[in-house]
Amino acid sequence: MIKRQRIKELLKSTDFNTEVTVMGWVKTFRNNQFIALNDGSCMGNIQVVVDFNNTDENLLKRITTGAAIKATGILVESLGKGQSVEIKATAVEILGDSDPEKFPLQPKKHSLEFLREIAHLRFRTNTFNAVFKVRHALAFAIHQFYNERGFVYMHTPVITASDAEGAGEMFKVTTLDFDNTPRTEDGVVDFKEDFFGRATNLTVSGQLEGELAAMAFGHIYTFGPTFRAENSNTTRHLAEFWMIEPEVAFADLENNMELAEDMMKYVISYAKENCKEELEFLNNRLAEEEKQKPQNERSEFTLLEKLDFCLANDFQRLTYTEAIDILKASKPNQKKQFKYLIDSWGADLQSEHERYLVEKHFKRPVILTDYPKDIKSFYMRLNDDNKTVAAMDILFPGIGEMIGGSQREERMDVLKQRMDEMGVPQEELWWYLDTRRFGSAPHAGFGLGFERLVLFVTGMTNIRDVIAFPRFPKSAEF
Ligand code: 4AD
Ligand code: MG
(Lines give C-alpha, C1' and ligand atoms only; values in the text may rest on other atoms or scores of the structure.)
(Ligands and ions follow the chains in the order given, each with its own letter.)
Protein backbone atom coordinates (compact mmCIF):
# COMPACT_ATOMS: atom_id res chain seq x y z
CA MET A 1 0.00 0.00 0.00
CA ILE A 2 1.25 3.47 -0.85
CA LYS A 3 1.97 5.70 2.14
CA ARG A 4 2.51 9.42 1.71
CA GLN A 5 1.84 12.70 3.45
CA ARG A 6 -0.13 15.49 1.92
CA ILE A 7 1.76 18.67 1.19
CA LYS A 8 -1.05 20.77 2.67
CA GLU A 9 -0.49 19.09 6.06
CA LEU A 10 3.30 19.22 5.88
CA LEU A 11 3.36 22.94 5.13
CA LYS A 12 1.61 23.47 8.47
CA SER A 13 3.66 20.86 10.35
CA THR A 14 6.25 21.53 13.03
CA ASP A 15 7.29 17.87 13.33
CA PHE A 16 10.83 18.72 12.34
CA ASN A 17 13.52 16.07 11.85
CA THR A 18 11.03 13.33 11.12
CA GLU A 19 11.06 11.28 7.94
CA VAL A 20 8.32 12.09 5.44
CA THR A 21 7.30 10.88 1.99
CA VAL A 22 5.54 13.08 -0.54
CA MET A 23 4.30 12.41 -4.04
CA GLY A 24 3.39 15.07 -6.52
CA TRP A 25 4.14 16.88 -9.75
CA VAL A 26 7.22 19.01 -10.26
CA LYS A 27 6.41 22.67 -10.79
CA THR A 28 10.00 23.82 -11.15
CA PHE A 29 13.50 22.45 -10.55
CA ARG A 30 16.16 25.08 -9.92
CA ASN A 31 19.94 24.78 -9.75
CA ASN A 32 19.80 20.99 -9.89
CA GLN A 33 18.85 21.29 -6.24
CA PHE A 34 15.44 22.81 -5.41
CA ILE A 35 12.24 21.08 -6.48
CA ALA A 36 8.96 22.96 -6.06
CA LEU A 37 6.54 20.06 -5.64
CA ASN A 38 2.75 20.22 -5.75
CA ASP A 39 0.30 17.40 -5.03
CA GLY A 40 -2.92 19.33 -5.55
CA SER A 41 -3.87 19.30 -1.86
CA CYS A 42 -3.27 23.05 -1.80
CA MET A 43 -2.00 25.73 -4.14
CA GLY A 44 1.31 25.96 -2.30
CA ASN A 45 4.33 23.85 -3.22
CA ILE A 46 6.74 22.20 -0.84
CA GLN A 47 10.42 22.65 -1.48
CA VAL A 48 12.34 19.39 -1.80
CA VAL A 49 16.11 19.89 -1.58
CA VAL A 50 18.12 17.36 -3.56
CA ASP A 51 21.69 16.49 -2.62
CA PHE A 52 22.91 16.71 -6.20
CA ASN A 53 26.46 15.61 -5.41
CA ASN A 54 25.15 12.26 -4.32
CA THR A 55 22.40 11.85 -6.88
CA ASP A 56 22.71 10.03 -10.17
CA GLU A 57 22.96 12.51 -13.03
CA ASN A 58 20.42 10.61 -15.14
CA LEU A 59 17.89 10.88 -12.36
CA LEU A 60 18.50 14.62 -12.00
CA LYS A 61 17.80 15.08 -15.71
CA ARG A 62 14.43 13.43 -15.31
CA ILE A 63 13.26 15.87 -12.63
CA THR A 64 11.43 18.14 -15.05
CA THR A 65 8.37 20.39 -14.91
CA GLY A 66 5.28 18.20 -14.99
CA ALA A 67 6.98 14.95 -13.96
CA ALA A 68 5.43 12.91 -11.14
CA ILE A 69 7.87 12.01 -8.41
CA LYS A 70 8.13 10.40 -5.01
CA ALA A 71 10.46 12.07 -2.54
CA THR A 72 11.45 10.76 0.87
CA GLY A 73 13.45 12.84 3.29
CA ILE A 74 13.66 14.75 6.53
CA LEU A 75 11.27 17.60 7.26
CA VAL A 76 13.28 20.64 8.34
CA GLU A 77 12.67 24.25 9.09
CA SER A 78 13.43 26.25 5.98
CA LEU A 79 15.99 29.01 5.86
CA GLY A 80 14.80 30.16 2.46
CA LYS A 81 12.36 32.97 1.92
CA GLY A 82 8.69 32.25 1.28
CA GLN A 83 8.38 28.92 3.04
CA SER A 84 8.54 27.67 6.60
CA VAL A 85 9.41 24.02 5.97
CA GLU A 86 11.24 22.01 3.37
CA ILE A 87 12.27 18.42 2.80
CA LYS A 88 15.92 17.38 2.70
CA ALA A 89 15.59 14.51 0.30
CA THR A 90 17.23 11.17 1.00
CA ALA A 91 15.63 9.45 -1.99
CA VAL A 92 13.89 10.67 -5.13
CA GLU A 93 12.04 8.33 -7.47
CA ILE A 94 10.54 9.27 -10.83
CA LEU A 95 6.97 7.94 -11.07
CA GLY A 96 6.15 9.43 -14.46
CA ASP A 97 8.42 11.37 -16.80
CA SER A 98 7.35 14.57 -18.51
CA ASP A 99 9.25 15.62 -21.61
CA PRO A 100 10.11 19.28 -20.95
CA GLU A 101 10.20 19.99 -24.69
CA LYS A 102 6.62 18.83 -25.09
CA PHE A 103 4.90 19.63 -21.78
CA PRO A 104 2.63 22.58 -22.60
CA LEU A 105 2.43 24.04 -19.09
CA GLN A 106 5.64 25.94 -18.65
CA PRO A 107 6.35 27.65 -15.33
CA LYS A 108 5.12 31.04 -16.55
CA LYS A 109 1.83 32.88 -16.87
CA HIS A 110 -0.43 31.42 -19.55
CA SER A 111 -3.57 33.09 -20.91
CA LEU A 112 -6.95 31.64 -19.97
CA GLU A 113 -7.65 31.19 -23.69
CA PHE A 114 -4.58 29.01 -24.08
CA LEU A 115 -5.42 27.05 -20.94
CA ARG A 116 -8.90 26.32 -22.32
CA GLU A 117 -7.24 24.49 -25.20
CA ILE A 118 -5.41 22.28 -22.71
CA ALA A 119 -8.28 21.87 -20.27
CA HIS A 120 -7.00 18.37 -19.45
CA LEU A 121 -3.87 19.91 -17.92
CA ARG A 122 -5.12 23.26 -16.63
CA PHE A 123 -6.12 21.78 -13.26
CA ARG A 124 -2.41 21.87 -12.47
CA THR A 125 -2.29 25.65 -12.48
CA ASN A 126 -2.86 27.73 -9.35
CA THR A 127 -5.85 29.50 -10.88
CA PHE A 128 -7.68 26.30 -11.69
CA ASN A 129 -6.68 24.68 -8.44
CA ALA A 130 -8.36 27.61 -6.68
CA VAL A 131 -11.43 27.72 -8.96
CA PHE A 132 -12.19 24.02 -8.61
CA LYS A 133 -11.64 24.01 -4.85
CA VAL A 134 -14.18 26.83 -4.59
CA ARG A 135 -16.52 24.98 -6.94
CA HIS A 136 -16.27 21.92 -4.71
CA ALA A 137 -16.91 23.96 -1.56
CA LEU A 138 -19.96 25.62 -3.10
CA ALA A 139 -21.42 22.27 -4.16
CA PHE A 140 -20.85 20.89 -0.68
CA ALA A 141 -22.36 23.98 0.93
CA ILE A 142 -25.50 23.66 -1.20
CA HIS A 143 -26.06 20.10 -0.02
CA GLN A 144 -25.36 21.13 3.56
CA PHE A 145 -27.78 24.07 3.35
CA TYR A 146 -30.66 21.92 2.11
CA ASN A 147 -29.82 19.00 4.35
CA GLU A 148 -29.90 21.24 7.43
CA ARG A 149 -33.38 22.38 6.39
CA GLY A 150 -34.77 18.89 5.85
CA PHE A 151 -34.95 18.97 2.05
CA VAL A 152 -34.81 15.63 0.20
CA TYR A 153 -32.26 15.45 -2.62
CA MET A 154 -34.04 14.13 -5.73
CA HIS A 155 -32.26 12.79 -8.79
CA THR A 156 -34.54 13.72 -11.66
CA PRO A 157 -34.09 12.06 -15.06
CA VAL A 158 -31.54 13.25 -17.58
CA ILE A 159 -33.43 11.73 -20.51
CA THR A 160 -36.97 12.98 -20.84
CA ALA A 161 -39.87 12.78 -23.25
CA SER A 162 -41.54 15.95 -22.07
CA ASP A 163 -41.00 18.78 -24.43
CA ALA A 164 -42.86 21.32 -22.42
CA GLU A 165 -40.64 23.32 -20.12
CA GLY A 166 -40.16 25.88 -22.82
CA ALA A 167 -36.79 26.80 -21.35
CA GLY A 168 -34.79 26.38 -24.50
CA GLU A 169 -33.83 24.24 -27.43
CA MET A 170 -33.35 20.58 -26.60
CA PHE A 171 -30.79 17.98 -27.62
CA LYS A 172 -32.45 14.92 -29.15
CA VAL A 173 -31.61 11.49 -27.76
CA THR A 174 -31.98 8.70 -30.28
CA THR A 175 -30.54 5.37 -31.40
CA LEU A 176 -32.17 5.57 -34.83
CA ASP A 177 -29.91 4.95 -37.83
CA PHE A 178 -29.51 8.28 -39.64
CA ASP A 179 -28.71 6.55 -42.92
CA ASN A 180 -31.81 4.44 -42.75
CA THR A 181 -34.35 6.31 -40.70
CA PRO A 182 -37.70 4.58 -40.22
CA ARG A 183 -40.53 6.73 -41.55
CA THR A 184 -44.30 6.66 -41.23
CA GLU A 185 -46.56 6.54 -44.28
CA ASP A 186 -46.58 10.36 -44.18
CA GLY A 187 -42.82 10.40 -44.49
CA VAL A 188 -42.00 11.73 -41.01
CA VAL A 189 -39.48 10.04 -38.75
CA ASP A 190 -41.15 7.20 -36.89
CA PHE A 191 -40.01 7.49 -33.29
CA LYS A 192 -42.10 4.40 -32.41
CA GLU A 193 -39.10 2.52 -33.78
CA ASP A 194 -36.70 4.43 -31.55
CA PHE A 195 -35.17 3.12 -28.31
CA PHE A 196 -37.89 4.48 -26.02
CA GLY A 197 -40.68 4.11 -28.56
CA ARG A 198 -41.08 7.88 -28.65
CA ALA A 199 -39.03 11.03 -29.21
CA THR A 200 -36.77 11.88 -26.27
CA ASN A 201 -34.41 14.70 -25.28
CA LEU A 202 -31.82 15.64 -22.71
CA THR A 203 -33.51 17.52 -19.91
CA VAL A 204 -33.45 21.33 -19.75
CA SER A 205 -34.64 21.33 -16.14
CA GLY A 206 -35.69 18.89 -13.43
CA GLN A 207 -38.43 21.18 -12.24
CA LEU A 208 -41.54 19.38 -13.45
CA GLU A 209 -40.43 16.10 -11.88
CA GLY A 210 -39.25 18.06 -8.82
CA GLU A 211 -42.76 19.43 -8.37
CA LEU A 212 -44.15 15.88 -8.28
CA ALA A 213 -41.78 15.00 -5.45
CA ALA A 214 -42.44 18.24 -3.57
CA MET A 215 -46.12 17.33 -3.54
CA ALA A 216 -45.19 14.33 -1.40
CA PHE A 217 -42.08 15.25 0.60
CA GLY A 218 -42.88 18.92 1.11
CA HIS A 219 -39.31 20.06 0.51
CA ILE A 220 -37.04 18.74 -2.22
CA TYR A 221 -34.13 19.93 -4.31
CA THR A 222 -32.34 18.66 -7.37
CA PHE A 223 -28.70 19.24 -8.28
CA GLY A 224 -27.79 17.82 -11.64
CA PRO A 225 -26.71 18.47 -15.19
CA THR A 226 -29.08 20.20 -17.58
CA PHE A 227 -28.72 20.78 -21.32
CA ARG A 228 -29.67 23.57 -23.67
CA ALA A 229 -29.03 23.55 -27.38
CA GLU A 230 -29.38 27.31 -27.69
CA ASN A 231 -26.80 28.82 -29.96
CA SER A 232 -25.49 31.33 -27.41
CA ASN A 233 -21.79 31.92 -27.69
CA THR A 234 -21.47 34.08 -24.59
CA THR A 235 -19.40 34.20 -21.42
CA ARG A 236 -22.58 33.30 -19.44
CA HIS A 237 -23.99 30.34 -21.39
CA LEU A 238 -23.08 26.69 -21.59
CA ALA A 239 -24.81 23.90 -23.51
CA GLU A 240 -24.30 21.63 -20.48
CA PHE A 241 -24.54 23.20 -17.05
CA TRP A 242 -25.46 22.18 -13.52
CA MET A 243 -28.60 23.45 -11.90
CA ILE A 244 -29.94 23.41 -8.35
CA GLU A 245 -33.72 23.39 -8.21
CA PRO A 246 -35.50 23.48 -4.86
CA GLU A 247 -39.26 23.02 -4.80
CA VAL A 248 -41.37 23.63 -1.71
CA ALA A 249 -44.99 22.76 -1.00
CA PHE A 250 -47.13 25.21 0.96
CA ALA A 251 -44.97 28.12 -0.12
CA ASP A 252 -45.59 31.33 -2.03
CA LEU A 253 -43.37 33.80 -3.86
CA GLU A 254 -42.31 35.50 -0.61
CA ASN A 255 -41.15 32.18 0.84
CA ASN A 256 -39.36 31.49 -2.42
CA MET A 257 -37.45 34.78 -2.36
CA GLU A 258 -36.46 34.28 1.25
CA LEU A 259 -35.20 30.75 0.58
CA ALA A 260 -33.17 31.92 -2.41
CA GLU A 261 -31.58 34.84 -0.57
CA ASP A 262 -30.78 32.68 2.47
CA MET A 263 -29.22 30.03 0.24
CA MET A 264 -27.06 32.51 -1.66
CA LYS A 265 -25.77 34.07 1.55
CA TYR A 266 -25.19 30.70 3.18
CA VAL A 267 -23.10 29.27 0.36
CA ILE A 268 -21.10 32.44 -0.22
CA SER A 269 -20.20 32.68 3.45
CA TYR A 270 -19.34 28.97 3.51
CA ALA A 271 -16.89 29.55 0.65
CA LYS A 272 -15.44 32.58 2.42
CA GLU A 273 -14.78 30.59 5.55
CA ASN A 274 -13.56 27.40 3.93
CA CYS A 275 -11.61 28.69 0.92
CA LYS A 276 -9.63 31.53 2.46
CA GLU A 277 -6.40 30.76 0.66
CA GLU A 278 -8.12 30.23 -2.70
CA LEU A 279 -10.26 33.37 -2.48
CA GLU A 280 -7.27 35.43 -1.43
CA PHE A 281 -5.47 34.18 -4.53
CA LEU A 282 -8.46 34.81 -6.81
CA ASN A 283 -8.93 38.25 -5.28
CA ASN A 284 -5.36 39.16 -6.25
CA ARG A 285 -5.72 37.56 -9.65
CA LEU A 286 -8.76 39.70 -10.40
CA ALA A 287 -7.04 42.82 -9.07
CA GLU A 288 -4.18 42.21 -11.53
CA GLU A 289 -6.66 41.70 -14.36
CA GLU A 290 -8.48 44.91 -13.45
CA LYS A 291 -5.20 46.83 -13.62
CA GLN A 292 -4.99 45.99 -17.32
CA LYS A 293 -8.27 47.80 -17.93
CA PRO A 294 -8.68 51.54 -18.47
CA GLN A 295 -9.49 53.39 -15.23
CA ASN A 296 -13.17 54.03 -16.04
CA GLU A 297 -13.87 50.35 -16.69
CA ARG A 298 -12.37 49.09 -13.47
CA SER A 299 -14.60 47.65 -10.77
CA GLU A 300 -15.05 49.74 -7.63
CA PHE A 301 -14.81 46.64 -5.49
CA THR A 302 -12.31 43.85 -5.07
CA LEU A 303 -13.64 40.31 -5.24
CA LEU A 304 -13.64 39.91 -1.45
CA GLU A 305 -15.37 43.26 -0.99
CA LYS A 306 -18.00 42.21 -3.50
CA LEU A 307 -18.70 39.00 -1.58
CA ASP A 308 -18.85 40.86 1.74
CA PHE A 309 -21.17 43.46 0.30
CA CYS A 310 -23.50 40.77 -0.95
CA LEU A 311 -23.58 39.14 2.49
CA ALA A 312 -24.15 42.37 4.38
CA ASN A 313 -27.01 43.80 2.33
CA ASP A 314 -30.58 42.78 1.59
CA PHE A 315 -31.25 41.97 -2.03
CA GLN A 316 -33.27 44.74 -3.63
CA ARG A 317 -36.81 43.57 -4.39
CA LEU A 318 -38.97 45.24 -7.03
CA THR A 319 -41.55 44.33 -9.62
CA TYR A 320 -40.99 44.11 -13.35
CA THR A 321 -43.31 47.10 -13.77
CA GLU A 322 -41.20 49.22 -11.41
CA ALA A 323 -38.08 48.10 -13.25
CA ILE A 324 -39.53 49.14 -16.60
CA ASP A 325 -40.21 52.62 -15.22
CA ILE A 326 -36.62 52.90 -14.01
CA LEU A 327 -35.25 51.65 -17.32
CA LYS A 328 -37.46 53.93 -19.42
CA ALA A 329 -36.19 56.95 -17.53
CA SER A 330 -32.58 55.78 -17.49
CA LYS A 331 -29.77 57.64 -19.22
CA PRO A 332 -28.77 54.82 -21.59
CA ASN A 333 -32.40 54.52 -22.68
CA GLN A 334 -32.86 58.27 -23.14
CA LYS A 335 -29.57 58.56 -24.99
CA LYS A 336 -30.35 55.46 -27.06
CA GLN A 337 -27.30 53.63 -25.78
CA PHE A 338 -29.16 50.39 -25.12
CA LYS A 339 -29.13 48.02 -28.06
CA TYR A 340 -32.77 47.20 -27.24
CA LEU A 341 -34.60 50.37 -26.19
CA ILE A 342 -37.31 50.07 -23.58
CA ASP A 343 -40.37 51.87 -24.82
CA SER A 344 -43.29 49.88 -23.49
CA TRP A 345 -44.47 47.56 -20.78
CA GLY A 346 -44.22 43.92 -21.83
CA ALA A 347 -40.74 43.98 -23.32
CA ASP A 348 -38.46 41.12 -22.36
CA LEU A 349 -35.45 42.35 -20.42
CA GLN A 350 -32.09 41.83 -22.11
CA SER A 351 -28.90 41.36 -20.18
CA GLU A 352 -27.93 45.01 -20.81
CA HIS A 353 -31.07 46.07 -18.90
CA GLU A 354 -30.53 43.60 -16.09
CA ARG A 355 -26.96 44.75 -15.69
CA TYR A 356 -27.95 48.39 -15.68
CA LEU A 357 -30.40 47.77 -12.82
CA VAL A 358 -27.92 45.76 -10.78
CA GLU A 359 -24.61 47.44 -11.51
CA LYS A 360 -25.55 51.06 -12.13
CA HIS A 361 -28.87 51.72 -10.46
CA PHE A 362 -29.07 49.59 -7.29
CA LYS A 363 -25.48 48.37 -7.10
CA ARG A 364 -26.52 45.17 -5.36
CA PRO A 365 -28.29 41.87 -6.12
CA VAL A 366 -31.84 42.50 -7.28
CA ILE A 367 -34.95 40.29 -7.17
CA LEU A 368 -37.35 41.18 -9.96
CA THR A 369 -40.88 39.84 -9.59
CA ASP A 370 -44.24 39.74 -11.32
CA TYR A 371 -43.29 39.60 -14.98
CA PRO A 372 -45.79 39.81 -17.85
CA LYS A 373 -47.31 36.38 -18.36
CA ASP A 374 -46.48 36.33 -22.07
CA ILE A 375 -42.72 36.29 -21.55
CA LYS A 376 -42.72 33.56 -18.86
CA SER A 377 -43.46 29.84 -18.66
CA PHE A 378 -46.91 28.27 -18.52
CA TYR A 379 -46.51 26.90 -14.99
CA MET A 380 -46.03 30.27 -13.27
CA ARG A 381 -48.94 31.34 -11.10
CA LEU A 382 -51.22 33.94 -12.68
CA ASN A 383 -51.61 37.07 -10.54
CA ASP A 384 -54.99 38.64 -9.85
CA ASP A 385 -54.32 41.36 -12.44
CA ASN A 386 -54.50 38.61 -15.12
CA LYS A 387 -51.49 40.25 -16.78
CA THR A 388 -48.53 39.20 -14.68
CA VAL A 389 -47.31 35.97 -13.09
CA ALA A 390 -45.70 35.31 -9.69
CA ALA A 391 -42.24 34.94 -11.21
CA MET A 392 -38.89 35.99 -9.80
CA ASP A 393 -35.48 36.45 -11.36
CA ILE A 394 -32.45 37.16 -9.17
CA LEU A 395 -29.88 39.34 -10.88
CA PHE A 396 -26.27 39.61 -9.74
CA PRO A 397 -23.59 42.19 -10.45
CA GLY A 398 -21.28 41.11 -13.23
CA ILE A 399 -23.45 38.08 -13.97
CA GLY A 400 -27.00 39.13 -14.76
CA GLU A 401 -29.55 36.37 -14.18
CA MET A 402 -28.38 34.02 -11.45
CA ILE A 403 -31.72 32.48 -10.46
CA GLY A 404 -35.08 32.06 -12.16
CA GLY A 405 -38.15 30.79 -10.36
CA SER A 406 -41.79 31.28 -9.46
CA GLN A 407 -44.77 30.32 -7.44
CA ARG A 408 -46.47 27.56 -9.45
CA GLU A 409 -50.01 27.59 -10.81
CA GLU A 410 -51.84 25.18 -8.51
CA ARG A 411 -55.37 25.87 -9.86
CA MET A 412 -56.23 23.25 -12.45
CA ASP A 413 -58.55 25.38 -14.55
CA VAL A 414 -56.12 28.29 -14.75
CA LEU A 415 -53.20 25.97 -15.48
CA LYS A 416 -55.04 24.26 -18.33
CA GLN A 417 -56.00 27.58 -19.81
CA ARG A 418 -52.39 28.80 -19.65
CA MET A 419 -51.22 25.59 -21.32
CA ASP A 420 -53.68 26.10 -24.16
CA GLU A 421 -52.66 29.73 -24.56
CA MET A 422 -49.01 28.80 -24.74
CA GLY A 423 -49.45 25.70 -26.90
CA VAL A 424 -48.33 23.20 -24.29
CA PRO A 425 -50.01 19.82 -24.97
CA GLN A 426 -52.00 18.64 -21.96
CA GLU A 427 -51.94 14.96 -23.00
CA GLU A 428 -48.17 14.84 -22.77
CA LEU A 429 -48.14 16.29 -19.27
CA TRP A 430 -50.98 14.19 -17.85
CA TRP A 431 -48.77 13.22 -14.92
CA TYR A 432 -47.98 16.85 -14.13
CA LEU A 433 -51.67 17.74 -14.22
CA ASP A 434 -52.42 14.85 -11.87
CA THR A 435 -50.73 16.73 -9.00
CA ARG A 436 -53.35 19.44 -9.48
CA ARG A 437 -56.04 16.78 -9.58
CA PHE A 438 -55.06 15.00 -6.38
CA GLY A 439 -54.34 17.26 -3.43
CA SER A 440 -53.12 20.36 -5.22
CA ALA A 441 -51.46 22.92 -2.97
CA PRO A 442 -49.66 26.23 -3.33
CA HIS A 443 -45.99 25.62 -4.03
CA ALA A 444 -42.94 27.44 -5.33
CA GLY A 445 -39.39 26.84 -6.46
CA PHE A 446 -36.47 28.16 -8.46
CA GLY A 447 -33.40 27.18 -10.43
CA LEU A 448 -29.89 28.38 -9.64
CA GLY A 449 -27.32 28.08 -12.43
CA PHE A 450 -24.39 26.54 -10.59
CA GLU A 451 -21.67 27.80 -12.94
CA ARG A 452 -22.99 31.36 -12.65
CA LEU A 453 -22.68 31.05 -8.88
CA VAL A 454 -19.11 29.77 -9.25
CA LEU A 455 -18.37 32.65 -11.64
CA PHE A 456 -19.56 35.19 -9.11
CA VAL A 457 -17.68 33.73 -6.16
CA THR A 458 -14.40 33.14 -7.99
CA GLY A 459 -14.44 36.45 -9.87
CA MET A 460 -13.66 34.63 -13.11
CA THR A 461 -15.13 36.30 -16.17
CA ASN A 462 -15.85 33.44 -18.56
CA ILE A 463 -18.21 30.59 -17.65
CA ARG A 464 -15.97 28.23 -19.64
CA ASP A 465 -13.34 28.62 -16.94
CA VAL A 466 -15.45 27.40 -14.03
CA ILE A 467 -16.58 24.02 -15.42
CA ALA A 468 -14.00 21.33 -16.07
CA PHE A 469 -14.79 20.57 -19.69
CA PRO A 470 -17.16 23.19 -21.11
CA ARG A 471 -19.64 22.32 -23.83
CA PHE A 472 -20.69 25.11 -26.16
CA PRO A 473 -21.47 25.49 -29.88
CA LYS A 474 -18.85 23.67 -31.98
CA SER A 475 -16.96 22.49 -28.94
CA ALA A 476 -17.12 19.20 -27.05
CA GLU A 477 -13.43 18.36 -26.66
CA PHE A 478 -12.30 16.08 -23.84
O1 4AD B 1 -34.35 30.57 -15.81
P2 4AD B 1 -34.23 29.11 -16.14
O3 4AD B 1 -34.39 28.71 -17.55
O4 4AD B 1 -35.28 28.40 -15.20
C5 4AD B 1 -35.63 27.08 -15.22
O6 4AD B 1 -35.09 26.22 -15.86
C7 4AD B 1 -36.69 26.74 -14.20
N8 4AD B 1 -37.23 25.42 -14.53
C9 4AD B 1 -36.10 26.80 -12.83
C10 4AD B 1 -37.07 26.48 -11.74
O11 4AD B 1 -37.94 27.29 -11.48
N12 4AD B 1 -36.94 25.33 -11.10
O13 4AD B 1 -32.81 28.59 -15.62
C14 4AD B 1 -32.45 28.71 -14.27
C15 4AD B 1 -31.05 29.25 -14.14
C16 4AD B 1 -30.84 30.64 -14.75
O17 4AD B 1 -31.24 31.65 -13.87
C18 4AD B 1 -29.35 30.64 -15.00
O19 4AD B 1 -28.63 30.94 -13.81
C20 4AD B 1 -29.06 29.21 -15.35
O21 4AD B 1 -30.13 28.43 -14.86
N22 4AD B 1 -28.94 29.01 -16.80
C23 4AD B 1 -27.77 28.78 -17.44
N24 4AD B 1 -26.51 28.67 -16.99
C25 4AD B 1 -25.53 28.43 -17.90
N26 4AD B 1 -25.76 28.24 -19.21
C27 4AD B 1 -27.02 28.33 -19.73
N28 4AD B 1 -27.23 28.14 -21.03
C29 4AD B 1 -28.09 28.61 -18.81
N30 4AD B 1 -29.42 28.75 -18.96
C31 4AD B 1 -29.91 28.99 -17.71
MG1 MG C 1 -34.66 32.40 -16.67
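Student: Which residue does Arg437 form a salt bridge with, and how far apart are the closest N and O atoms?

Tutor: Arg437 pairs with Asp434, with the closest N and O atoms 2.5 Å apart. A salt bridge here is a side-chain nitrogen of Lys or Arg within 4 Å of a carboxyl oxygen of Asp or Glu. Before we go on: this is a predicted model, where local features need pLDDT of at least 70 and side-chain atom pairs count only at pLDDT 80 or more, while totals for chains, interfaces and linings use all residues. Residues are numbered from 1 along each chain as its sequence is written, chains are lettered from A and ligands numbered from 1 in the order in which they are written, and side-chain values use heavy atoms, with hydrogens and water left out.

Student: Where do Arg437 and Asp434 sit?

Tutor: Both are in helix α13 (residues 430-437), and because they are 3 residues apart there, about one helical turn separates them. Helices (H or I, at least four residues) and strands (E, at least two) are DSSP runs, numbered from the N terminus.

Student: Is Arg437 buried, partly exposed or exposed?

Tutor: Arg437 is partly exposed, at 43% relative accessible area, and Asp434 is partly exposed too, at 21%. Buried means under 20%, exposed over 50%, and partly exposed in between, with a 1.4 Å probe and protein chains only.

Student: Which residues are joined into one network by salt bridges that share partners?

Tutor: Glu211, Glu247, Arg408 and Arg436.

Student: And how many salt bridges does the count come to?

Tutor: The count is 24. One of them is Asp465 with Arg116, at 2.8 Å between the closest N and O atoms. That pair links distant parts of the chain, 349 residues apart: Asp465 is in the segment after α14 (450-458), and Arg116 is in helix α3 (residues 112-117). Asp465 is buried, with a relative accessible area of 1%.

Student: What about Glu261, which residue does its side chain meet in a salt bridge?

Tutor: Arg317, at 3.7 Å from N to O. Glu261 lies in helix α6 (residues 253-274) and Arg317 in strand β12 (residues 316-319), so the pair ties together parts 56 residues apart in sequence. Glu261 is buried at 7% relative accessibility, whereas Arg317 is partly exposed at 35%.

Student: Switching topic: what does the side chain of Arg418 make a polar contact with?

Tutor: With the side chain of Glu421, at 2.7 Å. A polar contact is a pair of N or O atoms within 3.5 Å; within protein, one must be able to donate a hydrogen and the other to accept it, and residues adjacent in sequence count only if both atoms are side-chain atoms. Arg418 is in helix α12 (residues 412-422) and is buried, with a relative accessible area of 2%.

Student: Which residues does Arg418 touch, not counting those up to four places away in sequence?

Tutor: Lys373, Lys376, Ser377 and Phe378. Contact means heavy atoms within 4.5 Å.

Student: OK, domains. How is the chain divided?

Tutor: Domain 1 covers 7-106, and domain 2 covers 124-159 + 209-221 + 231-465. Those bounds come from an automatic or database domain assignment. Their C-alpha centres lie 45 Å apart, and the contact takes 10 residues from domain 1 and 9 residues from domain 2.

Student: Last one, backbone: what is phi of Asn32 near?

Tutor: Near 55 degrees, a positive value in a residue other than glycine. Most residues other than glycine have a negative phi. Asn32 is in the loop between β1 (19-30) and β2 (34-38).
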